[in-house]
Amino acid sequence: MNWLAGTLGSSIGKKLMMALTGLGFCGFLAGHLAGNLTIYWGKNAFNSYAEHLHSLGPLITLAELGLLFFALIHILTGTTLFYQNLKARPFRYSVNKNAGGRTIGSRTMPYTGFILLSFIVLHLINFHFVDKTGTTIYQIVHGAFANPGYVAIYVFAMIVAAIHISHGFWSVFQTLGANHVKYMPFIKGVSIVFSLIVALGFGFLPVYLAYMV
Amino acid sequence: MTKTINLTLKIWRQKGPEAKGKLETYKANDIPTDMSFLEMIDVVNEKLTLEGKEPVAFDHDCREGICGMCGTVVNGRPHGSEKGTTLCQLHMRHFSDNDTIVIEPWRSRAFPIIKDLVVDRSALDKIIQAGGFISVNTGNAQDANAIPIPQETAELAMDAAACIGCGACVAACPNASAMLFLSAKVSQLALLPQGKPEAARRAVSMVREMDRLGFGNCSNETECEAECPKEISITNIARLNREFYKAGFFSSEK
């Protein structure tokens, strides 16, 4: 299995791991958002979505372990890349200017990544590792967003997520080798649209729950 | 009558690889705007020499944009801010009177500074030595039409082969990665039938050598293709990725 470690451990291999796990998270976000949107149909719809989801039992545990595995790969590889890339230019330029290649997303990738990691920890503490006896998930969520501080943190985190995705999504295709003159403009467009969907779709929910229900 | 301009230059001066360098300020007065950037430095150097001072060391050779020898970072941009040109093709008409110009060497762990603006780019040669070639048995030349190559493919290979190995991609990359260089060198051979037999070994050993030399990792910032004097596209990097996956996962290459 030396060849596998050699391939995945190379700079392109690490790129590949970032791309595949990142694409996995994009898929997860799409599913998570679809579920969350049931909130607009009222608390019963949302609670019943949560119930149906949890009735899947072992499948959910499997998916959670899968996500955790993906997260470990994404975080450890990303951190390694961050340090290696810092080390590759020990002496910085005194004048820094770019030629228009970099975007706010590409420029901030490691930092938005670390912010998202701390957000995910908070998010799991808020809604996952929480005592759910004698209450419904809607009550827990609604209760949390009664605190304007949480609303602000969640909205901010979703903007950060959108910035991360705006570079991450099209990067997946470039990294997988799927850069084609015919399709790349479309992929870049989808990248922007998907990050806006994440920002607006997730980001508006806390505001809606806090001030409009 | 040729227009002339006066400039303030801040040039990186460093006596040797181990010495501590710093930006020093020089005046360049009455510079004709028809001059190239390198000729402007020549003028400064002549003045320094006459004053008995050490002239600024910088790399240059053909001065017509094809050898890949010249290159410094001018106001934060490798080869200056003009698109698709090397430093020797940058003319002083793109600057204004009383401009301040900061001139720095390529900065990368893989490119140690030799002196002033001169860096050691032999790391790029080592990447080529690791597999950027084809092995042929010499003998009679083949018939020119024996290996049909579509015009489009030949053009793509030629676009990749336009890389002059100046290292601007490494200098421009926020991660000091050499992926654009490597992708051009892998692409020019992978696209043609002559390059196919050794494609897998080439991709694996060149990537491995690049990693070993201390270049950074590509994170698709795309600064390289924007700064490349030969306008090499990052579609070559996508092709390199495909070549590497093919070699790593589907060939017997270890």
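**View 1. Strands E1 and E5 of chain B, side by side.** E1(B) and E5(B) run parallel and are joined by four bridges; two strands count as paired if DSSP finds at least two bridges between them. Helices (H or I, at least four residues) and strands (E, at least two) are DSSP runs, numbered from the N terminus. Look for Thr8(B), which stands opposite Thr100(B) in E5(B). This is a predicted model, where local features need pLDDT of at least 70 and side-chain atom pairs count only at pLDDT 80 or more, while totals for chains, interfaces and linings use all residues. Residues are numbered from 1 along each chain as its sequence is written, with chains lettered from A and ligands numbered from 1 in the order in which they are written.

**View 2. The rest of the chain B sheet.** Five strands make an open, mixed sheet in the order E2-E1-E5-E3-E4. E2 and E4 (77-78) sit at the edges with a single partner strand each, so one side of each has no neighbour in the sheet. Strand E1 (residues 4-13) pairs with E2 (residues 22-32) of chain B in the antiparallel sense over nine bridges, and Lys10(B) has Thr25(B) as its bridge partner in E2(B). E3 (residues 73-74) of chain B runs antiparallel to E5(B), with two bridges; here Val73(B) partners Glu104(B).

**View 3. Two helices of chain A.** H7 (residues 148-176) and H8 (residues 184-211) of chain A pack at about 170°, their axes 8 Å apart. Axes are lines fitted to C-alpha atoms, for helices over the stretch in contact, and angles run from 0 to 180 degrees between N-to-C directions. That makes H7(A) roughly antiparallel to H8(A), the word used for angles over 145 degrees. Their contact has 24 nonpolar residues, four polar and one charged. Ala, Val, Leu, Ile, Met, Phe, Trp, Tyr, Cys and Pro count as nonpolar, Asp, Glu, Lys and Arg as charged, and the others, Gly among them, as polar.

**View 4. Where chain B meets chain A.** Here 42 residues of chain B are in contact with 36 of chain A, contact meaning that C-beta atoms, placed from the backbone, lie within 7 Å. On the chain B side, E5 (100-104), H6 (199-212), H7 (223-227) and H8 (235-250) each supply at least two residues. H8(B) gives the most, with nine. By class, that side of chain B has 16 nonpolar, 13 polar and 13 charged residues.

Notes. Contact = placed C-beta atoms within 7 Å. Parallel < 35°, antiparallel > 145°, perpendicular 65-115°, else oblique.
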